[in-house]
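Subject: Structure handover

Hello,

Here is the structure for you to look over. My notes on what turned up follow below it.

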Amino acid sequence: MEIQVKDISKIYGTNESRVVALNHASMTIFESDFISIMGPSGSGKSTLLHIISGLDKPTSGSVLYGSTDIHNGSDKQLSTFRRQKIGFIFQQFNLLPVLTARENIIMPMLLDKNQPDEKYFKQLTELLGLEMRLSHLPHEMSGGQQQRVAIARALIAQPDIIFADEPTGNLDSKSGSEVMKMLCDIREKMNKTLVIITHDPRIAEMADRRFTMVDGELTEVSA
Ligand code: ADP
Ligand code: MG
């Protein structure tokens, strides 16, 4: 499904505290695209990803998935759509500390009153090297392992589109490259669309299309 981001602006606060986080950002994301977005801290990257993925609403502009404007429906419609179509990977992993790796991974399925496809679960956790960690709690795992659990959780409902906001930002360079390698592998094998925010030029260069963000303005870097 094609995603059209049309003239998105996001303004926080009023008067002295007014911040223009996004300034008329537009982009089209094609099926199976691998896109990277770089830019200084505070330039609006997370705000953009949150709005494209339906975690936050724009001040103006629209986000179309096919012909559906995701910010035009009810909150309930949007959260169902998000759980089925979109996987989101955060810098801070955001695992639930009292649940095991397996329980964290299948949580989105349970929220939708579905059971995970065990064959797919096995394939996914093997690709992420998590077979031996499934009964561990987050605090019993390394940062790299926790992020791999978070990636499995983002993919368990077999979404078409993966958004990742600085997924290696909390990892040392070795586990960061491991995580990136697995994410790229999975994208290729499963033919997913991947949009990734990163500070790391080496990661940005892995993508097929590169964008930069400066002061809320989004620009595609031509090849
Ligand atoms: P980045 O991810 O590129 O570091 P963000 O999208 O997080 O940037 O933030 C862009 C700008 O919007 C920053 O100036 C930030 O302080 C501001 N901002 C982000 N979220 C909020 C919020 N909830 N309320 C007020 N300002 C915010
Ligand atoms: Mg950010």
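Start at the ligand. An oxygen atom of ligand 1 sits 3.0 Å from a polar backbone atom of Gly44. Another entry to check is Lys45: a polar atom of its side chain is 2.8 Å from an oxygen atom of ligand 1. On the nitrogen side, a nitrogen atom of ligand 1 is 3.5 Å from an N or O atom in the side chain of Tyr12. The protein covers 58% of the 560 Å² of accessible area that ligand 1 has on its own. Bear in mind that this is a predicted model.

Now the shell. Ligand 1 is surrounded by Tyr12, Val19 and Ala21, then by Pro40, Ser41, Gly42, Ser43, Gly44, Lys45, Ser46 and Thr47. By class, that shell has four nonpolar, six polar and one charged residues. Two elements give two or more residues to the shell: β2 (19–29) and α1 (45–52). Of the elements, α1 gives the most, with three residues.

Next, helix α5. The helix runs over residues 143–155 and has 13 residues.

Is α5 mostly covered or mostly open? It is mostly covered, with 12 of its 13 residues buried. Among the buried residues are Gln145, Gln146, Gln147, Arg148 and Arg153. Val149, Ile151 and Leu155 are also in that buried set. The cover over the buried residues of α5 includes strands β6 (86–89) and β7 (161–165). It also includes helices α3 (101–111), α4 (118–127) and α6 (173–190).

Why does Gln146 count as buried? Its relative accessibility is 16%, and the cut-off for buried is under 20%. Leaving out residues up to four places away in sequence, Gln146 touches Phe93, Leu95, Pro138 and Met141.

For contrast, take Gln123. This residue lies in helix α4. Gln123 has a relative accessible area of 40%, so it is partly exposed. Its C-alpha atom and that of Ala157 are separated by 13 Å. Along the chain, Gln123 and Ala157 are 34 residues apart.

Best wishes

Key: Residues are numbered from 1 along each chain as its sequence is written. Chains are lettered from A and ligands numbered from 1 in the order in which they are written. This is a predicted model: local features need pLDDT of at least 70, side-chain atom pairs count only at pLDDT 80 or more; totals for chains, interfaces and linings use all residues. Side-chain values use heavy atoms; hydrogens and water are left out. A residue is near a molecule or strand if one of its heavy atoms lies within 4 Å of it. A polar contact is a pair of N or O atoms within 3.5 Å; within protein, one must be able to donate a hydrogen and the other to accept it, and residues adjacent in sequence count only if both atoms are side-chain atoms. Accessible areas come from the Shrake-Rupley method with a 1.4 Å probe; for residues, only the protein chains shown count as cover. Helices (H or I, at least four residues) and strands (E, at least two) are DSSP runs, numbered from the N terminus. Ala, Val, Leu, Ile, Met, Phe, Trp, Tyr, Cys and Pro count as nonpolar, Asp, Glu, Lys and Arg as charged, and the others, Gly among them, as polar. The expected span of a helix is 1.5 Å times one less than its number of residues. Buried means under 20% relative accessible area, exposed over 50%, partly exposed in between (1.4 Å probe, protein chains only). Contact means heavy atoms within 4.5 Å.
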